[in-house]
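Some notes on the structure follow, as numbered points.

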Amino acid sequence: MYTVSFMYVWGLVMVSLCYTFYVGKLVGRGIMRQILIFPVLLIFLIVPLLVSSIHLICITSFFIAWLANFKIILFTLGRGPLYSLSLPVFLAVASLPIKIQLIPKPHESREGTLLNYAKKFATLVLIIKVIEYSSKLPDKAVFTLYLMIQNYFSLKVILSTVSVVVRATSNLELEPQLDEPHLATSLQNFWGRRWNLMVTGILRPTVYEPTMELLSGLGRNRSRYLAVFITFAVSGLMHVLIFFYIGRLRPDWKIMWFFLINGFCTSVEIAIKKNVKGRFPTTISRVLTMGFVVVTSWWLFFPEFKRCNLPQRVFQEYVSIGAFAARVKNTITASLLSAYHTM
């Protein structure tokens, strides 16, 4: 059931992207191109509702409803990463968080790659074993375990696996997701250069830079502070939308407040750094930055995970995956034994 709905949704996505590509080829920049492509934006906002698996909802809502839609908006204006690409590359860049690799980067040795994946697989197996005893753990421990699983599985296993396939078959690579966020020395450094870099990379040309241009009459500094705040507000709205896809619940707007508070504080921080000389020691800056992010996350961001019942749903899905894998293993073993005895 999960596979059928996922294949149907992504088939619809591919058809829509082909349509978008040829509209871009046949219709010049302007209002007509925007009108013709607008239905695709609506389709991409709907497709996450057609998926039932929690992991596939997260992938489809993030990759398609958010990243792909923002890339297509830039494409209608003749800008962004989708402009002047061949159809296969267009489909890949539009539907996945990847970028064109103009200069080939040195690849990790095969031995190193296999060792890294062996470690990740072993960690995942260990986590799944712990899940089997989650009913005996305190609620806070279960919730913390869930956050670890989601971070590990989505940001490491899925993205790393896709990255290997993409790099092996093309001159493309996945955009980096994280850059050691625990080393951030300020909110600006954390949000702009270390955390969720895929989102940063798409918000900058679609929201931040146009807002800077629109508000340029206010002066560079004021327009910058407002552009940062508005960018956080747009990010907050998109997070609210993603959690609506996941939980199908009316928003309570706590996540929106999380991004508004972080956006306001980041803008204030930029203004202070601009006008006040001197800096905190690096260690203190890191502690203050991560402390602020962690406290506001537990206060306003993480409660949405519980409200959507995500820990239980994710654990159930992992248990189902484990049961399916066990059935497949048993079937293969039985077939091999049967073939052996008939020889």
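1. In this predicted model, the side chains of Glu-304 and Arg-307 form a salt bridge, with N and O 3.1 Å apart. The two residues are three apart in helix α12, so about one helical turn separates them. An α-helix has 3.6 residues a turn, so residues three or four places apart point the same way. Glu-304 is buried, at 6% relative accessibility, while Arg-307 is partly exposed, at 31%.

2. Arg-307 also meets Asp-252 in a salt bridge, at 3.5 Å from N to O. Asp-252 belongs to the loop between α9 and α10 and Arg-307 to helix α12 (residues 303-307), so this pair ties together parts that lie 55 residues apart in sequence. The relative accessible area of Asp-252 is 32%, which makes this residue partly exposed.

3. Taken with the bridge between Glu-304 and Arg-307, this gives one network of Asp-252, Glu-304 and Arg-307, joined by salt bridges that share partners.

4. How many salt bridges does a search of the whole structure find? The search finds three. One of them links Lys-273 with Glu-269, where the closest N and O atoms are 4.0 Å apart. The cut-off for a salt bridge is 4 Å. Lys-273 and Glu-269 are four residues apart in helix α10, and therefore about one helical turn from each other. Lys-273 is partly exposed at 27% relative accessibility; Glu-269, at 17%, counts as buried, because the limit for buried is under 20%.

5. Helix α3 (residues 54-76) packs against α8 at an angle of about 35°, and their axes are 10 Å apart. The crossing of the two helices is left-handed. On the α3 side, the contact is made by Phe-62, Trp-66, Leu-67, Phe-70, Lys-71 and Leu-74. On the α8 side, the residues are Met-198, Val-199, Ile-202, Leu-203, Pro-205, Thr-206 and Val-207. By class, the contact of α3 with α8 has 11 nonpolar residues, one polar and one charged.

6. Which residues of helix α7 (residues 187-194) are buried? They are Leu-187, Asn-189, Phe-190, Trp-191 and Arg-194. The cover over these buried residues includes α8 (197-214), α9 (220-247), α10 (254-275) and α11 (282-301). After α7 comes Asn-196, which has a positive phi, near 50°.

Definitions and conventions
Residues are numbered from 1 along each chain as its sequence is written. This is a predicted model: local features need pLDDT of at least 70, side-chain atom pairs count only at pLDDT 80 or more; totals for chains, interfaces and linings use all residues. Side-chain values use heavy atoms; hydrogens and water are left out. Buried means under 20% relative accessible area, exposed over 50%, partly exposed in between (1.4 Å probe, protein chains only). Contact means heavy atoms within 4.5 Å. Axes are lines fitted to C-alpha atoms, for helices over the stretch in contact, and angles run from 0 to 180 degrees between N-to-C directions. A crossing is left-handed if the near helix is turned anticlockwise from the far one by less than a right angle, and right-handed if clockwise. Ala, Val, Leu, Ile, Met, Phe, Trp, Tyr, Cys and Pro count as nonpolar, Asp, Glu, Lys and Arg as charged, and the others, Gly among them, as polar.
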